[in-house]
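Thanks for coming. I have one structure to go through today, and I will keep to the packing, the interface and a few individual residues.

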Amino acid sequence: MRFFLILAIAVATLAGCSQGFEPVRDKPDPLASAKVNCTQTDSAFFEKSVWPVLTQCTACHQTGGSAPAQGARLVLDPVSSTNSLAAVRDYVALAGDRLVHKPTEYQMNHGGGGFFDADSDDALVLAEAVLRFGANAPQCSGDETVESRESGYDDVNLINRARTLRKASLLLAGELPGLAAADAVRADDTALRSALRELMAGPVFEAWLKTSANDHLLTRKYLTGMTEAQEALGGTYYEGLYDRTSVAFEASDQARLACESSGDPSSAECVEANALQQTAGVIFRETQRAIAEEPLELIRHVVTTDRPYSDVLTADYRMMNPFTYEVLDGETWVAPYDAMDPDDWRPGQVRRYRVDWGVSLAARTGRNTLPSAGILSSPVFQLRFPSTETNRNRARARWTYNFFLGVDIERLAVRAMDPEELQSVTNPGAPGSSCFGCHSIMDPVAGAFQNWGNNGHYLDRRGYDALPQTYVDSEDYVEGDRWYRGQLAPGFGTEALPTLSPYGPANGHDDGLTWLAERIVADPRFAEGTVKFWFQGVFGRDPLLQPLATGDADYDDRRVAWQAEQALMSDWAQSFRHSDYDLKVLLVEMMMSPLFRAETFSTLDAGRQAALNTLGVGRLLTPEQLDRKFTATTGYSWKLDWQNDPQLLENYYLFYGGIDSDGITERPAELNSLMTSVSMRLANEMACSIVLNEFWPGVSPTLFSGVTITTDPGTEAGEAAVRDTLRSLIWRLWGVTDDAEIDAAWSLYKALYDQRMGWDEPQNYLEWTALWNDAAPAEEEYCGIRDLNPDDSVAIAVDWSNVDWSTPQTARESLGSYYNPEQTLRPWVGVLIYLLTDIQFLTE
Amino acid sequence: MHRRDLLKAMIAAGLLPMATGFGRRALAETTRYEGPIHFTVFAEGGWDVTSLCDPKGGTRVDPNTGNTVWINHWAEQGGSVQTTASGLDYAPFADNARLFDTLGERMMVINGIDAQTNAHSAGVRHTFSGRFADGYPAVTALAATQHGQGLPLAFLSNGGYRETAGLTQFTLMQDPNALRDLIDPNRFHPTWIDTQFHRTDSLALIEQARQARLDRLQARTALTRRLTQAAHFLESSRAGRDQLAALNEFMPDELAPVTDADGNWHPLLRQIQLALVSAAAGLTVSADLVQWGFDTHATHDTDQGRALTQLSDGLIYLWEEAARMDQQYGTNLVGRLRLVVASDFGRTPWYNDGEGKDHWPLGSAILMRDGGFATNTVGGTTGSFESLGVNSDLSLNPDPNDSSASIILPAHLQQLLRYWAGAEEVGSDFPLETGTLDLRSLV
């Protein structure tokens, strides 16, 4: 009996696998009405919906089954839905809509015949699978995640395309994308890539570029640190560096004498003296800035003008603004300029340079300008990474490898050295010691800096060379040498710098650095180095370090995580190379990745989760980024009227993790109590002012467009309006639309409202203080009455002189939203504080 | 898997050495800290201990030239090694006499520590974590983790090696003027108008909502660790934040200068002052302090002398200021202070052509506490500043070729410091390779 049953099933199955029907032509394409259900993840959708449909297909579509034997490419695993999900993904990637068109025989034949109608539920399920698993799967409009398809990250889920755009836009453009922009990227990755690239223009992007670069190059030390740029570079060599500043201060001093002679502080002489003093201060300050930011401006110039990123090393010019142009060049620019415009950056050359007191560059060398090799020859870069007579440019070589080739020489041998060698080897660049491994890489590059002295001055030994006099006086020195005999000869890798004589000047190139720059940018590692250079700026952390301690409990997990990240970085580097070193292409690829977008795990493996503990969202924003996010999301700036910069960049900059590029060069990755206090201070100082402004009569609100001062949360309509506004606020500030969070925010709003309504004497004003209202200390609540947008047409000022108390509306003609007997606004203040101090506002 | 189970599994797997402060635990353990205070002073760049606490007054062969040279110019010029009343040797250089005369009774000097490298980053990592590989926390981070649960400023750091291994967070304390506005963010600027932004009962509702929100986030075990860990640090930093008000009691009327008498940048005193204020307020367990300027490849005597003088200034100021505060406020800072001074490594026992000194793997550490130590000098080096080991009883073995002697390595120093800091429990997840040598009996 059992035999016959099996035989019957086999016959039926075989028949099913071979029967043929005419293709369906009069039914609609199931793909036309398919859409993705955003409430399910891909895995859940497959498990609950697709797998029950496809199970019937496994009779033929399995390894060894009749379908593969006839050439079918869909090969399922009858006992594993997980394996089958992978197989379906692969199949859709290969064959697309055939997943649904074949079994429905929609406009094509199927060897197994038609299994269900094109308009059936099963067909719709498979159609959704085609949409989900296609290369350009549409994504949901909310904050749902999508599964990562990146190799090595298939157990993480990513923020969807719209949220990716939002995150990138806040980072690079300092603004929230509009609804249309978010909608436009939902369709496919191509649209998202395009939108990401469009973010890479404008002042915020430029500021991001420069700040990210400075986090490595640290040349702003000479802007914010104890040593100023002019002082550090001036003296013998840059002959004109002080000229403009000196003239300005002398003029100011002369005018001050005239002012004092006048005896009248309001005299014309004193007015002029004050103006000249201010001008001199600007010239001094902006000259410092121009010097300190020169390599950062070169990067900005190269990237924003869409030049190959390799220009940052090969540029045969230096970036100048009028404050440096006038004292270092003075001849190159053709177009007119405003001498006081610090934002007018253009290429120039250092012409006003002398190699000794009274000896010009041209007189000694025949050159009219200093040689240029992009950042490598930047005076302030070399100053920031100085050398000594025994270091012999090795530090510069080390950082050159690190910044531009992604090679940290000090990590090539993270181990104990032979103590005998450490104490006895006098020339680590000589073969035979274990030092040689690293020094053979580093020392030739150090030699390529041969013309640049310890403090970055070109040919600083009176224009002959940059060797120390003690070496020149030694028996090792040979007339005309530019580098130390006994050191490894200048070069890069296995290639020696062409020289006119052994250890002599470069031959055929302007300078050793121009030769070196060409080699570096031609080296495949230049792309990898660029990836590492921008890693911190994009992801807020450094690349994972290769785990070395094999005995550590988490070694294996960390190794897997490191390898996956390395593979990604290698892919990005490849894209970067193929784009002719277009940095924007690289940045787009980085932001498309799980490193930027991961939000949740689909694995519960604790070790795996821990190894990826710096992945994806949750990056603590820097003070610069938090400031921009606050402004972008609220429309307002946390800035005191008399300050030039916002509070996060002034009083609280170092407290909130800023750097001074000098002693403080690393940004903290974790919040501490003082940082938390800063965020609370921000929220407390701004929230009530924002609410006051947003609800002021005549103001077009940014945050509270769905409610008014009279929206009653006690009514059904009122609650709905408040909830809608909360949904919008939470999306703006946190980037999510989670219903549970909207419920929680609503509960807080309502609780604050009910609390106020429950007070014996609820106050009618946004503010109630001991000073003005004789309030008891515990009942005080301050609100800054500030016009946060003084440039619009609505003046925000409370006028007590002639209040019409007939109705709240008439009173508000004088008092505006400051008068709120409805008690609807202070709850909004509380909610705003709650949102602004949340971890999802402080991170991205 | 429940979150608690997940954490247990991680701890068992050694992935989360201490699930510190998760959830409400930090709130529950908020308390004023009255225990020992652990300060590390980092002499950044590689200090020359032959001109400090491992003085060398003789000559040796310069391997570059084969010539016999003076190790130090102060010796060449007739200076000789000095000894304090307590028997500590020091070099007659910089402001050492004042330093050792003033503080010698409180010191224990460990000489001959072999950093086994002369690369800065590797030297710093090895000296201050006990191994070359990345990832081990500084002892100050371990101490803060062990003793600072719920404290808002448990670990202060001004730079140096401050790896936390995710156990805790560090705080940079600067600009006391802005700090005043951070002590109570609900108060408007008291010097302008002394009022508050929110009524106390309204604030309580907001706080409840915040805590519920953090609980929801922490319960989402699928969220990436980066976000949940950030939420955890937000929670723990909020938990003890109310205690910041205690700073008000100890804030100085006059701030320590940030330049020395010659106008050179010298921020160490300000770092010390703020760290002591925070410790006096019971908010701090440990602090990293930094004295920059020791990487003297050129004009060594001038630059190293300046850095050492500033370091001496700082150390003397630290104890004097602690004593002054004890007198003013009745605190017990002097009795609670435990201090270690160390550097990347040492410097060559000869001068280079530029009158500088380059990197040398041997260095020292100076430990200090009120009342000093039973033994005030441990380890040592030869007269030409080469390695010597110690015997099992920690006496110096004068034979550089005796293989039974143990060279003191950073792992031994860190083992000692962890023990001294009472942080061995939390440190046990970061085992050190110390072999048979054990310095812990010294403290």
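Which residues does Val691(A) touch, not counting residues up to four places away in sequence? They are Leu825(A), Trp828(A), Val829(A) and Leu832(A). Before I go on, please keep in mind that this is a predicted model.

Val691(A) belongs to the largest nonpolar core, a set of 316 residues. The members that touch the most others are Leu516(A), Ala687(A), Val691(A), Leu832(A) and Leu835(A). Helix 31 of chain A, residues 673–694, gives this core its largest share, 12 residues. There is another core apart from it, with 29 residues, including Val53(A), Leu74(A), Leu76(A) and Ala118(A). As a general remark, nonpolar side chains in soluble globular proteins tend to be buried together.

Now chain A overall. It has 844 residues, of which 49% count as buried. Its secondary structure comes to 37 helices and nine strands. The C-alpha trace spans about 110 × 85 × 55 Å along its principal axes. If we take contacts in chain A between residues at least 6 apart in sequence, 63% of them join residues at least 24 apart.

Next, the interface. How many residues of chain A are in contact with chain B? The number is 80, and they meet 81 residues of chain B. On the chain A side, the elements that each supply at least two residues are helix 21 (419–424), helix 23 (469–472), strand 9 (598–601), helix 29 (606–611), helix 31, helix 33 (739–758), helix 34 (770–773) and helix 36 (825–836). Helix 31 of chain A again gives the largest share, here eight residues. By class, this side has 42 nonpolar, 26 polar and 12 charged residues.

Let me turn to a helix inside chain A. Helix 27, residues 583–592, has nine of its 10 residues buried, so it is largely enclosed by the rest of the structure. The buried ones are Leu583(A), Lys584(A), Leu586(A), Leu587(A), Val588(A), Glu589(A), Met590(A), Met591(A) and Met592(A). Lys584(A) and Glu589(A) are on that list, and both are of the charged class. What do the buried residues of helix 27 of chain A pack against? Their partners in chain A are helix 7, helix 9 (189–198), helix 15 (294–304), helix 25 (525–539), helix 26 (555–578) and helix 28 (594–597).

Helix 7 of chain A brings me to the helix pairs. Helix 7 (residues 161–172) and helix 8 (residues 179–186) of chain A have axes that come within 8 Å and cross at roughly 130°. That angle makes helix 7 of chain A oblique to helix 8 of chain A. The crossing is right-handed. From helix 7 of chain A, the contact uses Arg161(A), Ala162(A), Leu165(A) and Arg166(A), and from helix 8 of chain A, Ala181(A), Ala182(A), Val185(A) and Arg186(A). By class, that is five nonpolar, no polar and three charged residues.

Helix 4 (residues 96–103) and helix 12 (residues 300–329) of chain B pack at an angle of about 25°, with their axes 9 Å apart. Helix 4 of chain B is therefore roughly parallel to helix 12 of chain B, and the crossing is left-handed. Helix 4 of chain B contributes Asn96(B), Arg98(B), Leu99(B), Thr102(B) and Leu103(B), while helix 12 of chain B contributes Leu308(B), Ser312(B), Leu315(B), Ile316(B) and Trp319(B). These residues divide into six nonpolar, three polar and one charged.

Last, some loop residues in chain A. Most residues other than glycine have a negative phi. Asp306(A) has a positive one, near 55°. Asp306(A) sits in the loop between helix 15 and helix 16 (311–314) of chain A, and it counts as exposed, with 12 C-beta neighbours inside 10 Å. For Gln823(A), phi is near 65°, also a positive value. Gln823(A) is in the loop between helix 35 (808–815) and helix 36 of chain A. Is Gln823(A) exposed or partly exposed? With 18 C-beta neighbours inside 10 Å, Gln823(A) counts as partly exposed.

Ser705(A), in the loop between helix 31 and helix 32 (716–734) of chain A, is exposed, with 12 C-beta neighbours inside 10 Å. That is where I will stop.

Notes:
Residues numbered from 1 in each chain as written. Chains lettered and ligands numbered in written order. Predicted model: local features only at pLDDT ≥ 70, side-chain atom pairs only at ≥ 80, totals over all residues. Core = buried A, V, L, I, M, F, W, Y, C linked by C-beta atoms within 7 Å. Buried ≥ 20, exposed ≤ 12 C-beta atoms within 10 Å, placed from the backbone. Helix = DSSP H or I, 4+ residues; strand = E, 2+ residues; numbered from the N terminus. Contact = placed C-beta atoms within 7 Å. Axes fitted to C-alpha atoms, helices over the stretch in contact; angles between N-to-C directions. Parallel < 35°, antiparallel > 145°, perpendicular 65-115°, else oblique. Left-handed = near helix turned anticlockwise from the far one by under 90°.
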